[in-house]
Amino acid sequence: MIKTDVLVIGAGPVGIFTVQQLGLIGLKAEVVDNLDKIGGQCIELYPDKPIYDIPALPVCTGESLTKNLLEQIKPFKTNFYLNERVQEISKEENNWKIITSGKKTFLAPNIIIAAGVGSFEPRKFSVKGAEKFENKGVFYSIKDKNYFKNKKVSIFGGGDSALDWAIELSKFAEVTLVHRREEFRGAEHSASVARKLEKEGKIKIKTPYQISSIEGEDKISNITIKKDDGKIEKIPTDCILGFFGLIMKLGPIADWGLNLDSKKIPVNTENFQTNKKGIFAIGDICTYPGKLKLILSGFHEGALAARACFKLARPNEKYRFEFTTTSKTLQERLGVKKSD
Ligand SMILES: Cc1cc2nc3c(=O)[nH]c(=O)nc-3n(C[C@H](O)[C@H](O)[C@H](O)COP(=O)(O)OP(=O)(O)OC[C@H]3O[C@@H](n4cnc5c(N)ncnc54)[C@H](O)[C@@H]3O)c2cc1C
């Protein structure tokens with residue numbers, strides 16, 4: 001059980017900046033994100049694209065913004081729990097108990113939901129058997145490539161992930177790369193490396209094919225793939241990997257008893273509290289009259305929610321408004337105070 005002042009759900013730009021606002025006022029935060037990396041939409045959807053409307057930064061990319069936000073919260077030594085989706089929330093006296101998909105448990109008087117458009121989830125195989133074998137032969141990401149050593153692996157997809165993993169796993173596994181189109185849409189260089197490996201007999205490539213069934217009792221034994229013209233092929237397989245991109249789902253947030261308005265969480269703009277005391281929503285996930293889905297709006301929302309968290313985390317203390325330019329306390333927390 002991890003006890004903290006604030007559990008932040010979502011490591012997008014708004015969640016990260018809010019950790020800084022919480023740290024400045026002396027509150028400890030822990031951050032959980034479903035993705036395997038920090039940065040939310042900025043990293044997952046547009047890491048290289050230029051952003052022109054972050055205050056005082058004429059231009060930055062999704063990646064550099066994330067890097068700078070992380071630099072800014074360094075003094076607070078925050079723990080990030082990645083690949084963990086917040087599943088359940090329940091009330092325990094004056095605290096919220098939060099349980100993740102990996103069964104991590106947190107206890108905190110405050111939760112800040114900075115969950116953007118919900119959790120990013122992999123697009124899955126829709127054939128029979130895919131669900132039954134999920135994580136027991138059917139995978140949508142690779143946590144440990146050694147798992148695939150000396151196995152027969154069928155990789156589905158035409159983008160960079162499918163190509164890169166087919167190339168990597170071909171070093172120590174028997175790889176078949178299957179794509180529903182003739183052409184790959186990943187980087188040209190990776191596609192030509194894959195074709196070269198095929199010529200050398202190091203991987204098999206099947207295009208344009210789609211999966212039609214997964215067979216096996218306790219574990220996968222074969223898969224069947226099918227061409228548009230009806231041609232069928234059976235491939236002996238131990239594991240299959242699907243790299244079909246990500247979709248965004250509101251996910252378990254819908255089950256937490258929060259008021260929802262078109263998959264967004266309505267908030268009180270005085271403190272960004274939801275209909276539940278101690279649960280706040282900020283960034284793209286929240287809604288209120290005039291809401292702008294911009295990063296800069298999320299930063300403001302986080303600053304106000306952080307101050308509201310103070311009241312519940314430190315009920316016997318009075319919050320004092322201070323500037324970072326002049327407050328010794330804040331400078332101490334930032335680790336920048338020079339001795340007098
Ligand atoms: C192509 C594109 C270009 C954009 N350009 C700009 C721009 O120029 N300027 C601008 O201001 N904005 C821009 N935006 C919008 C901006 O990216 C969003 O406003 C911003 O990312 C919202 O930040 P957030 O932290 O609220 O949410 P997100 O960035 O969406 O992060 C939310 C995080 O929460 C996680 N999460 C969700 N549910 C759970 C759960 N149950 N458990 C654990 N984790 C969970 C998700 O995995 C995700 O990582 C752009 C968006 C796109 C798609």
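Select the lining of the largest pocket: its residues divide into 13 nonpolar, 13 polar and 13 charged. Here Ala, Val, Leu, Ile, Met, Phe, Trp, Tyr, Cys and Pro count as nonpolar, Asp, Glu, Lys and Arg as charged, and the others, Gly among them, as polar.

Before going on, note that this is a predicted model, where local features need pLDDT of at least 70, side-chain atom pairs count only at pLDDT 80 or more, and totals for chains, interfaces and linings use all residues. Residues are numbered from 1 along each chain as its sequence is written, and side-chain values use heavy atoms, with hydrogens and water left out.

**Stop 1: the largest pocket**

Stay with this pocket. Its volume is about 1,400 Å³. Now pick E121, P122, Y140, S141 and L246, the closest to its centre of the 39 lining residues. A pocket is found on a 1 Å grid over the protein atoms alone: it is an open set of points where a 1.4 Å probe fits, with protein on both sides within 12 Å along at least five of seven lines, and lining residues have an atom within 4 Å of a point. Grid points are joined across faces, edges and corners, and a volume is the space filled by probe spheres set on the points.

Which element gives the largest share of this lining? Colour α4: five residues come from there. Both β11 and α4 (160–169) supply at least two residues each. Helices (H or I, at least four residues) and strands (E, at least two) are DSSP runs, numbered from the N terminus.

**Stop 2: the second largest pocket**

Move to the second largest pocket, with a volume of about 540 Å³. Of its 38 lining residues, Q41, A114, A115, G116 and V117 are the closest to the centre. The lining divides into 23 nonpolar, nine polar and six charged residues. At least two residues each come from α1, α2, β11 and α6 (295–313). The largest share is from α2, with three residues.

**Stop 3: the ligand**

Show the ligand. What space does the ligand take? It is the second largest pocket. A molecule sits in a pocket if more than half of its atoms lie within 2 Å of its grid points.

Next, select the shell around the ligand. Elements giving two or more residues to this shell are α1 (13–24), α2 (40–44) and β11 (119–122). The most come from α1, with three residues. The shell holds 15 nonpolar, ten polar and six charged residues. Of the 31 residues around the ligand, D33, Q41, Y46, D284 and I295 come nearest; a residue is near if one of its heavy atoms lies within 4 Å.

Zoom in on the polar contacts (pairs of N or O atoms within 3.5 Å). A backbone N or O atom of V14 is 3.1 Å from a ligand oxygen atom. For N34, a backbone N or O atom lies 3.1 Å from a ligand nitrogen atom. At I295, a backbone N or O atom is 2.9 Å from a ligand oxygen atom.

**Stop 4: two backbone details**

Go to T207 and P208. A cis peptide bond joins them, with omega about -15°. P208 is in the loop between β15 (203–206) and β16 (209–215).

Finish at K77. Its phi is positive, about 40°, although K77 is not a glycine. Look for K77 in the loop between α3 (62–72) and β6 (79–81).

Terms used. Polar contact = N/O pair within 3.5 Å; in protein donor to acceptor, adjacent residues only side chain to side chain.
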